[in-house]
Amino acid sequence: MSNYTVHPSAIVDEGAKIGAGSRIWHFVHICGGAEIGENCSFGQNVFVGNRVKIGDNCKIQNNVSVYDNVYLEEGVFCGPSMVFTNVYNPRSLIERKSEYRDTLVKKGATLGANCTIVCGITIGRFAFVGAGAVVNKDVPDYALMVGVPARQIGWMSEYGEQLDLPVSGNGSAVCSHTGAVYTLSDGRLSKSE
């Protein structure tokens with residue numbers, strides 16, 4: 001008896017490790033080598049590859065494929081139809097499975113609907129990638145990224161609200177929802193505990 005929910009139309013291959021409280025909805029396929037944390041949600045038509053690790057409390061919305069060599073830390077949100085890649089320069093006629101590049105999405109990051117994450121990069125903690133953006137380089141913690149190619153236009157709180165801070169320079173801001181203080185120093189944002 002599993003301690004997670006699987007819709008009858010979903011396929012979970014033998015060997016997949018799935019944490020308690022996770023919910024796997026219609027037409028999902030989870031490969032046998034996948035490692036999934038507790039309380040995760042997988043929307044309709046999600047695919048999860050063999051060499052994938054997904055932390056606790058992640059939400060993978062409809063039509064997302066989490067391919068081999070993609071690693072999601074705790075609390076990552078993947079919006080509907082967003083895209084991961086794992087080969088930088090694919091060709092149908094050339095085998096490149098030995099060239100997969102690792103992609104790491106750190107704790108609390110949001111990847112908006114229809115955005116694309118080019119393989120081999122790291123998305124920082126609590127970063128926010130806007131809908132439709134194409135991210136082709138590392139993203140700092142708390143950065144707000146939009147556009148094609150994605151560029152930073154601001155900073156986001158852990159609560160998910162844009163902070164009143166310049167992209168570069170120095171300053172501080174308070175999250176109106178939580179009261180947390182964020183400090184920008186030399187292009188890096190940190191949260192005061």
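User: What is the volume of the largest pocket?

Analyst: Please keep in mind that this is a predicted model, and that the volume is a value computed from its atoms. For the largest pocket, the volume comes to about 160 Å³.

User: Which strand gives the largest share of the lining of the largest pocket?

Analyst: The residues that line this pocket include Arg125, Asp141, Trp155, Arg188 and Lys191. By kind, the lining divides into 4 nonpolar, 2 polar and 4 charged residues. The largest share of the lining, 4 residues, comes from residues 188-191, which form strand E25.

User: Do E21 and strand E22 run parallel or antiparallel, and which residue stands opposite methionine 145?

Analyst: Strand E21 covers residues 143-146, and it pairs in the parallel sense with strand E19 over 2 bridges. With strand E22 (residues 151-155), by contrast, E21 is joined by 4 bridges, and these two strands run antiparallel. In E22, the residue that stands opposite methionine 145 is glutamine 152.

User: How many disulfides does the structure hold?

Analyst: A disulfide needs two cysteine sulfur atoms within 2.5 Å, so the distances between the sulfurs decide the matter. The structure holds 0 disulfides. For cysteine 40, the nearest cysteine sulfur, that of cysteine 58, is 4.8 Å away, while for cysteine 78 the nearest, again that of cysteine 58, is 7.0 Å away. The number of disulfides is therefore 0.

Note on methods: Residues are numbered from 1 along each chain as its sequence is written. This is a predicted model: local features need pLDDT of at least 70, side-chain atom pairs count only at pLDDT 80 or more; totals for chains, interfaces and linings use all residues. Side-chain values use heavy atoms; hydrogens and water are left out. On a 1 Å grid over the protein atoms alone, a cavity is a set of points where a 1.4 Å probe fits but cannot get out, and a pocket is an open set with protein on both sides within 12 Å along at least five of seven lines; lining residues have an atom within 4 Å of a point. Grid points are joined across faces, edges and corners, and a volume is the space filled by probe spheres set on the points. Ala, Val, Leu, Ile, Met, Phe, Trp, Tyr, Cys and Pro count as nonpolar, Asp, Glu, Lys and Arg as charged, and the others, Gly among them, as polar. Two strands pair if DSSP finds at least two bridges between them.
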